[in-house]
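I wrote each entry while the coordinates were open.

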Amino acid sequence: MTTSQASSVETLRWCEGHLEMIDQRVLPARFQYLRYDSAQSVAQGIREMVVRGAPAIGCAAAYGVALEALRHRKVSAADFAVAMERSFEVLAASRPTAVNLSWALGRMRRRRESLASQPVAAQVDALLTEAHEIRAEDIRVNRALGEHGAALLTDGARVLTHCNAGALATAGHGTALGVIRSAVAAGKRISVIADETRPFLQGARLTAWEMLQERIPVTLITDNMAGFMMSRGEVDAVVVGADRVAANGDVANKIGTYMVAVLAQRHRIPFYVASPISTIDMSIADGAAIPIEERSQREVTGFGDCQWAADGVSVRNPAFDVTPAELVTALITERGAVHQPNRERLAALLARA
Ligand code: MRU
């Protein structure tokens with residue numbers, strides 16, 4: 001493990017043959033990288049939220065496969081194939097909702113299959129190159145998406161966001177926060193209202209920290225204050241990320257997003273979802289079929305070592321909810337914004353080169 005204060009957020013980095021990831025469980029109190037050298041350890045890092053956010057999880061999984069390939073560099077082709085299959089399985093099982101995980105694993109699998117007749121060493125090199133490319137591409141995509149989204153925000157806009165869809169949730173720049181970063185870079189005066197995001201506090205711990213790093217004005221509120229702020233005319237737009245977008249435009253994102261979308265409609269505030277195309281899952285007809293992760297009760301009964309709820313109380317902890325497409329003003333992607341997304345519009349977007 002190495003500890004350092006980075007000047008810009010580099011959520012995952014390749015360092016001397018290892019993957020290093022910022023430990024997002026301890027931010028902002030501590031800024032530290034943890035080191036990973038196998039698919040198993042990366043899967044554990046994803047499960048335990050060292051790394052989180054749909055695109056970042058996809059990048060981590062790709063590196064998990066590459067690390068496992070490196071560990072098996074010297075084995076026979078048959079043993080290598082078995083080890084690779086095992087790595088795909090263990091990583092795919094780490095978290096269920098963000099489709100970027102299976103998207104990245106699918107890409108790594110196709111790369112390996114295309115080289116199956118090559119020597120093991122060539123496969124290993126190609127898999128590492130593919131993981132680097134997935135990471136680099138994510139940053140490029142987020143920058144493009146950010147520019148499309150920035151055009152939708154007016155100068156002076158007060159933008160509410162939920163959870164963390166920032167650089168920490170991606171390989172860099174971010175999706176929802178990427179839109180804000182790009183708008184600020186374009187000279188717009190944007191301020192951010194960050195929902196705290198119970199129970200894991202991604203808004204309070206991560207979004208507020210990211211915005212402070214870049215001196216973008218940010219105000220932290222608890223989740224139950226969003227309606228009040230909207231009713232007082234203090235929110236001009238909502239921008240959130242996505243973990244999976246179904247074929248009809250329904251959006252799975254951090255628990256509480258649906259509540260914000262309903263409030264935004266009530267107050268006629270545009271509700272934007274910033275999402276790379278890799279987050280759109282055309283194999284899922286609508287939001288009802290999106291698998292929703294249920295996490296530990298302990299995230300609800302307390303935080304860290306502190307427990308505030310009574311022992312034995314019954315608890316639910318769905319980590320995501322689904323916002324129906326009809327509440328989405330526009331889906332912002334790297335190919336442009338899709339207003340009032342539906343099946344036809346998403347299919348047309350994907351058909352575009
Ligand atoms: O449980 P998390 O922290 O992985 O959930 C993250 C979110 O819900 C984000 O909004 C989403 O992944 C988009 S990240 C660009």
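**E234.** I began with E234 in this predicted model, and its relative accessibility of 31% makes it partly exposed, because that class runs between the cut-offs of 20% and 50%. I placed E234 in the loop that runs between helix 8 (226-231) and strand 8 (237-240). I then looked up what E234 touches, and, leaving aside residues up to four places away in sequence, I noted R158, I193 and M229. I also checked E234 against V159: the two are 75 residues apart in sequence, yet their C-alpha atoms are 9.0 Å apart in space.

**The loop between strand 6 and helix 7.** Which residue in this loop has a positive phi although it is not a glycine? I found T197, with a phi of about 75 degrees, and I confirmed that T197 sits in the loop between strand 6 and helix 7. T197 counts as buried because its relative accessible area is 0%. In that loop I also located P199, which is joined to R198 by a cis peptide bond with an omega of about 5 degrees.

**The other cis peptide entry.** I recorded a cis peptide bond between L27 and P28 as well, with omega at about 0 degrees. P28 belongs to the loop between strand 3 (18-22) and strand 4 (32-36).

**Helix 7.** I next went through helix 7, which covers residues 202-213 and has 12 residues; the distance from its first C-alpha to its last is 15 Å, close to the 16 Å expected at 1.5 Å a residue. Why did I write down helix 7 as largely enclosed by the rest of the structure? The reason is that 9 of its 12 residues are buried. I listed those buried residues as Q202, G203, R205, L206, T207, A208, W209, E210 and M211.

**R215, after helix 7.** Following helix 7 I came to R215, whose phi is positive and near 60 degrees, although R215 is not a glycine. R215 has its place in the loop between helix 7 and strand 7. Is R215 buried or exposed? I noted it as exposed, because its relative accessible area is 75%.

**Helix 3 and helix 1.** I turned to helix 1 (residues 39-47) and helix 3 (residues 77-92), whose axes are 9 Å apart and which pack at an angle of about 10 degrees. The two helices are therefore roughly parallel to each other, since angles under 35 degrees are placed in that class. On the side of helix 1 I found A39, Q40, V42, A43 and I46, which meet S87, V90 and L91 in helix 3. Sorted by class, this contact has 6 nonpolar and 2 polar residues, and no charged ones.

I then looked at helix 3 by itself: its 16 residues reach 23 Å from the first C-alpha to the last, close to the 22 Å expected at 1.5 Å a residue. Its buried residues are F80, A83, M84, S87, F88, V90 and L91, and they pack against helix 1, helix 2 (54-71), helix 4 (99-114) and helix 5 (120-150).

**Helix 4.** I made a similar check on helix 4, whose 16 residues should span 22 Å at 1.5 Å a residue, and I noted agreement because its end C-alpha atoms are 23 Å apart. In helix 4 the buried residues are V99, N100, L101, A104, L105, G106, R107, M108 and R112. What do these buried residues pack against? I wrote down helix 1, helix 2, helix 3 and helix 5, and also strand 9 (244-246) and strand 12 (280-281).

**Domains.** For the contact between them I recorded 31 residues of domain 1 and 35 residues of domain 2.

How values were computed: Residues numbered from 1 in each chain as written. Predicted model: local features only at pLDDT ≥ 70, side-chain atom pairs only at ≥ 80, totals over all residues. Heavy atoms only, no water. Axes fitted to C-alpha atoms, helices over the stretch in contact; angles between N-to-C directions. Helix = DSSP H or I, 4+ residues; strand = E, 2+ residues; numbered from the N terminus. Parallel < 35°, antiparallel > 145°, perpendicular 65-115°, else oblique. Contact = heavy atoms within 4.5 Å. Nonpolar A, V, L, I, M, F, W, Y, C, P; charged D, E, K, R; others polar. Expected span 1.5 Å × (residues − 1). Buried < 20%, exposed > 50% of the residue type's maximum accessible area, 1.4 Å probe, protein only.
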